[in-house]
Structure formats: C-alpha cells, structure tokens
Amino acid sequence: MYGNDFAEPDDPGAGPLNAADGGAVEAAAAHVDTKAREGLASFDAIIAADQRIEPRDAMPEEYRQTLIRQIAQHAHSEIIGMQPEGNWITRAPSLRRKAILIAKVQDEAGHGLYLYSAAETLGITREELLDRLHTGKQKYSSIFNYPTLTWADCGAIGWLVDGAAIMNQVPLCRCSYGPYARAMIRTCKEESFHQRQGFELLWELMRGTPEQQAMAQDATNRWWWPALAMFGPRDTGEHAVTGGHTEQSMAWGIKRFSNDDLRQKFVDMTVPQAARLGVTLPDPDLLWNEERGHYDFGEIDWDEFWRVIKGDGACNAARIERRVSSHEQGAWVREAATAYAAKQRERADGAVGAGEGSAA
Amino acid sequence: MSEGTLPLFEVFVRAKRGLSHVHVGSVHASDAAMAVRNARDLYTRRQEGVSIWVVAASDIVASSPDEKDSFFDPAGDKIYRHPTFYEVPEDVEYL
C-alpha cells in the first residue's frame with residue numbers, strides 16, 4: 001500500500017538503527033581491506049550503470065541499513081494497513097462488497113509478506129522486523145492512524161490512499177535493489193484493483209441518495225490531506241526539510257523522484273477524477289496554473305503530520321495493540337504447526353529405521 | 001517454542017504448461033507441505049501458476065559473488081562458440 005522513507009528530524013531511528021551499528025560502520029570504514037574496496041568499486045559501477053544490486057553483492061553498510069529501514073517501514077505499513085479496512089468487513093453492505101474487501105485486505109497481507117521477504121535478504125530476520133514494529137522502533141505510514149468512520153472511508157482509502165501509493169510505488173519497480181524492485185512489481189500489479197474498487201465504491205455512492213453523496217464527500221474531506229502528506233515532507237525548493245534521505249536515496253537509485261514531484265503528479269491526476277466523481281476536494285487554493293502546467297494546491301498541515309507520526313494520531317495505540325495481540329493470539333497456531341512438522345519428521349525417520357531392520 | 005524456528009523456503013512457480021518454474025520469492029513455514037500451501041496463498045492468488053516448487057533456502061548451493069569474475073572467466077575468450085564467429089560466403093543459404 002505504501003513505501004516511503006522519511007523520519008522526523010529528531011528521531012534516533014533516522015540514523016543508524018542503534019549506536020552499535022554506527023560504531024560498526026565507522027570501524028568497518030576504517031579497516032577496509034582490498035577485497036571490500038574492490039567490492040564497493042563494483043557496487044558503484046553497478047549503480048552507475050543503472051543495474052540491480054542483488055543480495056550477496058558487496059554494498060555499503062549505509063545502503064543496506066537504508067534499505068532495511070525503508071523496506072521494513074513499507075512492510076509494516078501494509079500489515080497495519082489491513083486494519084482500517086478490515087474494520088468494515090463484517091459491515092460491508094453487500095456480499096459483493098464483502099468479497100472485494102476481503103480480497104483487498106488479503107492482498108495487503110500479501111504485499112507485507114513480499115516486502116518482509118525482500119528485507120530478509122539484507123540479513124535481518126522476520127522476528128526482528130516484527131519486534132521492531134511491535135516495540136515502536138520502526139514506523140509505519142502515518143495514514144493508518146486515521147480512523148475509518150463510515151463505509152465511504154473504504155472507498156476514499158482505495159481511491160486516494162492506494163492512488164497515492166501507486167504513484168509512489170511505480171518508480172520503486174526500478175529501485176536499484178533487485179528484491180525490493182521485484183516485490184514492487186508484484187505489488188503494483190495488484191494495487192490497480194485496489195484503486196479502482198475504491199473509485200467504484202464512491203461512484204456508486206455519488207449516484208445514490210443525498211445521504212450517500214454526503215457520506216462520500218465527508219470521506220473525501222477527511223482523507224484528502226492525509227493522502228497528500230503520505231508523500232512525506234517537502235524535499236525541493238526553499239521549503240525543503242533538511243536532514244531527509246531524498247538526496248542520498250536518489251544517488252543510490254533507491255528513490256527516483258522527489259516527494260514533491262510525486263505529490264504534484266498525484267494532485268494533477270486526482271483533480272479530474274474528483275470532478276468526474278462529483279466530489280469537491282477540500283482545498284480553496286486548488287487551482288490550475290497555466291504557467292506551470294500543474295495544479296497549485298494549499299499548504300499541508302505539517303504539524304499534524306509530525307504529531308501523528310510521533311504517536312498522537314487517533315488510532316496509533318489501537319493499531320499497535322491490535323497488531324501485538326493478533327500476533328500473540330496466533331502463537332498457538334505456529335506452535336502446533338511446528339510440533340506437527342516435528343512429529344512427521346520423527347515418524348518418517350522411524351519408518352526408515354524399521355525398513356532397514358526388516359531388510360537385515 | 002518460538003516463531004524463530006520457522007524455516008525459510010524459496011518458492012518457484014510454473015506460470016503455465018510449457019514454461020519452466022521461475023523463482024518468485026520466499027515463505028516461512030513449519031515444513032515443506034505447509035510451505036507449498038503458504039506459497040499458493042501468497043504467490044498465486046490470481047492464477048499466476050499451475051505448479052509450485054518449494055526448496056528449503058538452506059539447501060540451495062550458489063556460486064559466490066566474490067569470485068564472479070574468475071568463476072565465469074573461462075567463457076569470456078571463446079568467441080568461436082558463437083555462430084557469428086565464422087566467415088562464410090554470403091550466397092550460401094540456410095547456414
């Protein structure tokens with residue numbers, strides 16, 4: 001559903017994942033042997049040729065850590081992203097809508113798993129990744145800390161949130177790290193269904209009763225600004241937030257466009273869609289700019305953005321609590337499967353033993 | 001017993017009859033049979049495959065990226081293995 005890499009300026013997680021990592025990087029840098037130097041020269045050559053880095057290639061430690069952080073945050077977002085819509089599965093207004101919603105939420109789980117697999121190729125375990133999510137050491141997209149108050153929110157999420165995610169994820173299909181790029185190709189193929197079902201949901205509401213139309217407009221009002229904020233802090237021009245990862249990530253071929261460029265593309269794409277739907281986007285400053293050839297739009301409430309990232313959104317605590325309790329309540333399933341596998345192995349070994357015995 | 005013990009399997013999918021199995025990603029599972037089921041749910045939700053292989057990741061033996069140059073060097077100077085190496089008269093057909 002979403003992949004970006006940004007961190008609040010005072011977030012310790014923005015640097016190396018812990019102090020020891022930082023020390024290790026410096027120590028390693030101070031003692032590069034010839035082999036490592038050769039390896040990193042080959043890394044630079046591969047990046048310069050716009051080819052893909054694969055898991056066992058030599059790579060700078062910071063490249064590895066940047067990717068782990070970004071892919072993990074992306075994976076966590078998919079997994080937490082199951083909750084806002086999962087909240088409506090039992091109340092979907094028809095069997096058709098229920099089946100669609102279940103399939104969509106299952107896809108989000110799938111996207112999370114593709115991404116966890118990609119992150120694991122960088123040398124981190126699944127348990128460590130889940131632990132970092134559960135303990136708040138790694139973030140997920142702040143968009144999922146907003147509540148889904150009405151059925152129309154499921155439409156607005158598909159249309160706006162998944163629409164923004166596609167804008168962000170398509171360039172990641174050309175990311176320099178092979179496993180991440182391949183995971184994004186699979187994800188993007190499935191994401192298009194998510195966006196279309198959301199648009200269709202709102203399209204039906206807008207052709208319904210005045211109450212249904214009002215519900216679609218209300219959901220649009222509430223999701224528009226958080227969707228724009230999803231692209232991350234401003235990273236171009238005079239208002240660029242300093243200390244971001246954009247420049248380095250672009251040099252490494254992880255990121256292909258700035259946050260601001262992607263946000264502008266999203267606005268330009270969405271304005272005509274809103275007009276066709278018949279909803280009003282809640283921004284009085286939204287206006288076509290002939291000179292730029294783009295839509296101008298108002299200022300995002302960045303204070304709110306950072307507040308929600310830091311934990312003060314409507315649903316931060318509930319999302320993590322739900323995630324942790326689901327994980328704990330599922331422990332017996334994992335234990336049972338492991339016990340069953342062990343028993344089957346024992347029986348197979350026993351049968352082999354018996355066979356040898358009778359032959360002798 | 002912790003989840004840390006769930007092994008990793010690499011997943012290969014045959015998209016349709018006549019094609020080879022191709023690596024698509026990986027899954028964690030308690031055993032190979034569960035890995036096949038997990039792989040079905042994860043990698044073939046939209047009829048992307050007609051057959052799945054899973055292989056314990058720890059069983060895969062791979063060439064080392066450290067020696068990629070020397071390992072593949074022997075093929076580098078044998079251009080006579082390619083048909084375009086040979087000069088033949090232009091007016092000879094089906095050659």
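Which residue follows α6(A) and has a positive phi? The residue is Gly136(A), with phi near 80 degrees. Helices here are DSSP runs of H or I with at least four residues, strands are runs of E with at least two, and both are numbered from the N terminus. The model is predicted: local features need pLDDT of at least 70, side-chain atom pairs count only at pLDDT 80 or more, and totals for chains, interfaces and linings use all residues. Residues are numbered from 1 along each chain as its sequence is written, chains are lettered from A and ligands numbered from 1 in the order in which they are written, and side-chain values use heavy atoms, with hydrogens and water left out.

**Chain A overall**

- Chain A holds 14 helices and two strands.
- Of the 360 residues in chain A, 51% are buried. Buried means under 20% relative accessible area, exposed means over 50%, and partly exposed lies in between, with a 1.4 Å probe and protein chains only.
- Among the contacts in chain A with a separation of 6 or more, 80% come from residues 24 or more positions apart. A contact means heavy atoms within 4.5 Å.

- The buried residues in α6(A) are Arg126(A), Leu129(A), Leu130(A), Arg132(A), Leu133(A) and His134(A).
- These buried residues pack against α3 (61-80), α5 and α13 (316-329) of chain A, together with β2 (21-28) of chain B.
- Gln138(A) sits in the loop between α6 and α7 (152-172) of chain A.
- Gln138(A) has a relative accessible area of 6% and is therefore buried.
- The side chains of Gln138(A) and His76(A) are joined by a polar contact of 2.9 Å. A polar contact is a pair of N or O atoms within 3.5 Å; within protein, one must be able to donate a hydrogen and the other to accept it, and residues adjacent in sequence count only if both atoms are side-chain atoms.

**Where chain A meets chain B**

- Chain A gives 26 residues to the contact and chain B gives 23 residues.
- Between them the two chains bury about 2000 Å², 50% of it on carbon and sulfur atoms. Buried area is the accessible area (1.4 Å probe) that two parts lose on being put together, summed over both.
- On the chain A side, Arg56(A), Glu127(A) and Arg186(A) lose the most area to chain B, together 26% of what that side buries.
- The rule finds 10 residue pairs in polar contact across this interface, both residues being at pLDDT 80 or more.
- At least two residues of the chain A side that touches chain B come from each of α2 (34-48), α5 (95-120), α6 (126-134), α8 (178-206) and α14 (331-359) of chain A.
- That side of chain A divides into nine nonpolar, six polar and 11 charged residues. Here Ala, Val, Leu, Ile, Met, Phe, Trp, Tyr, Cys and Pro count as nonpolar, Asp, Glu, Lys and Arg as charged, and the others, Gly among them, as polar.

**Salt bridges**

- Side chains of opposite charge can pair when their charged atoms come close.
- A salt bridge is a side-chain nitrogen of Lys or Arg within 4 Å of a carboxyl oxygen of Asp or Glu. By this rule there are 22 salt bridges over all chains, and the count between chain A and chain B is four.
- Arg46(B) and Asp107(A) meet in a salt bridge at 2.4 Å, N to O. This pair crosses between chains, from the loop between α1 (32-43) and β3 (51-56) of chain B to helix α5 of chain A.
- Arg46(B) is partly exposed at 34% relative accessibility, whereas Asp107(A) is buried at 2%.
- Glu200(A) forms a salt bridge with Arg96(A), with the closest N and O atoms 3.0 Å apart. Glu200(A) lies in helix α8 and Arg96(A) in helix α5 of chain A, so the pair ties together parts that are 104 residues apart in sequence.
- Glu200(A) is partly exposed at 26% relative accessibility, and Arg96(A) is partly exposed at 45%.
- In the salt bridge between Arg263(A) and Asp260(A), the closest N and O atoms are 2.8 Å apart. Arg263(A) and Asp260(A) are separated by about one helical turn, because they stand three residues apart in helix α11 (residues 259-277) of chain A.
- Arg263(A) is buried at 2% relative accessibility, and Asp260(A) is buried at 12%.
- Glu85(A), Lys104(A), Glu108(A) and Asp162(A) are joined into one network by salt bridges that share partners.
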